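Hi,

Here is the structure I promised to pass on. Have a look at it first, and my notes follow below.

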Amino acid sequence: MDTPALFDEHDGRLLAEAALRGITASTARLRGDEFLRTLVKDLAEALDVTYVIAGRVIMMPDGGEGIRTLAVWAGGKHIDNMEYSLLHTPCQDVTDQTMCFHACGIQADYPKDTLLVDMCAESYVGMPMIDTEGRTLGILSAIDTKPMDENKRLLALSLLSIFAARCAAELQHQDREALLEHLVEQRTEALRAAQASMVEQEKMAALGALVAGVAHEVNTPIGVAVTAASGMSAYADQMVATLDGPKVSRSELVSLATRLKGAAELVGQNLARAAELIGNFKQLAVDQGTEHVAELALHDYVHSVVSAHSPELRKGTITVELDIPDTLRPRLPAGKLSQILSNFLMNSAKHGYPDGGPGVVTISAREEQAEGRSWLAIVVTDDGIGLAPGVRERVFEPFFTTKRGQGGSGLGMHIVYTIVHQMGGKVWADTDVEKGCRFHVRLPLKA
């Protein structure tokens, strides 16, 4: 004899509609994990069952399909998520994209499913989550410790079919967001790599410009030394000829010796100048290739950096004045500091005096206390054309340049910004300058 239904068809429809409205209202503004956790709780209450599980289909290590739960309501509370194989479970049938219903005796139907035993399960209803492309993304199932009657089956059919589709849309949305984030991450990484490559190219280009300038500058003292050495050779020949002659004049020997001494001094002075230029450039080149931290005699070190740039600065009749105490000895990576100063000097030469000098660049440095620690405060000032307000706001942006199409890469000041922040410091352009521009750099005094 059939068990009479508790509700007629009309009552069942009203009950389903009420439950649908309630669950829809509670989950309408929710997304992701919060939506799933609320959904399993509300479905369990609406269906009056012990368990509701929302899970995603995954591949197990053995190659078979499995479920990774996304939200589990069990006996009046949420429990931790888990993974389990679909083999020998009622969910295995649901992945065939058909509703699975067992009114009672679910443990007997699937005796190898130990999870059903642990849950004391008696009845089961499951609905696949199918996306817009026809793929089974997951399963929404309701499990109870008592049998399910026909009324509950119909109510479950109504609610699970609707919310399984909603869950599928949510999972598909999450998948698309994850894919988009992955693509954005890939593009961002590619842009970072391209920007890093361009920064390195800019550094090498700046170093190349220094090489050309130093080579040109070294040619002058070397040429003078060669000429003086040639004169020394001629004077020596004259002295030998005089000594071989029948008469040797003391005054003539003194004159030749004086000329030899003068030429020798000229050779020595110019070779020393060439050696200084090469030494400064060598030190700058070596420093920029290392991040070694050392105590620097700051005045002398900045002077050597300026000397290495003297050929480029002299083209525009730009002089550099230093206001740095001899006693100031910060502990910093010399290579990074030289790159900062190099870019400031080249920025002044190229942009501060677009039509050439004369001009004056001043580099000052002091120790100051701020934020409970000691800092090295460097100020670089020039008396050039200055920065327009729109330029000042963007001066540290990568690839921003006022020399587009004229050899400007827009990376010089961005390199300064990047290096300063890598060193734990700050850099900014002064807004209160009557003429020219002024940049402030604050670096940790002891790196």
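A residue is called buried here if its relative accessible area is under 20%, exposed if over 50%, and partly exposed in between (1.4 Å probe, protein chains only). By that rule, phenylalanine 344 and phenylalanine 439 are both buried.

Please keep in mind that this is a predicted model, where local features need pLDDT of at least 70, side-chain atom pairs count only at pLDDT 80 or more, and totals for chains, interfaces and linings use all residues. Residues are numbered from 1 along each chain as its sequence is written, and side-chain values use heavy atoms, with hydrogens and water left out.

Phenylalanine 344 sits in helix H10 and phenylalanine 439 in strand S14 (residues 437-444), 95 residues apart. Helices (H or I, at least four residues) and strands (E, at least two) are DSSP runs, numbered from the N terminus.

H10 (residues 334-352) also packs on helix H12 (residues 412-422): their axes come within 9 Å and cross at roughly 155 degrees. Axes are lines fitted to C-alpha atoms, for helices over the stretch in contact, with angles from 0 to 180 degrees between N-to-C directions. That makes H10 roughly antiparallel to H12 (over 145 degrees; under 35 is roughly parallel, 65 to 115 roughly perpendicular, the rest oblique).

With helix H8 (residues 298-308), H10 packs at about 50 degrees, axes 10 Å apart, and the two are therefore oblique to each other.

Best wishes
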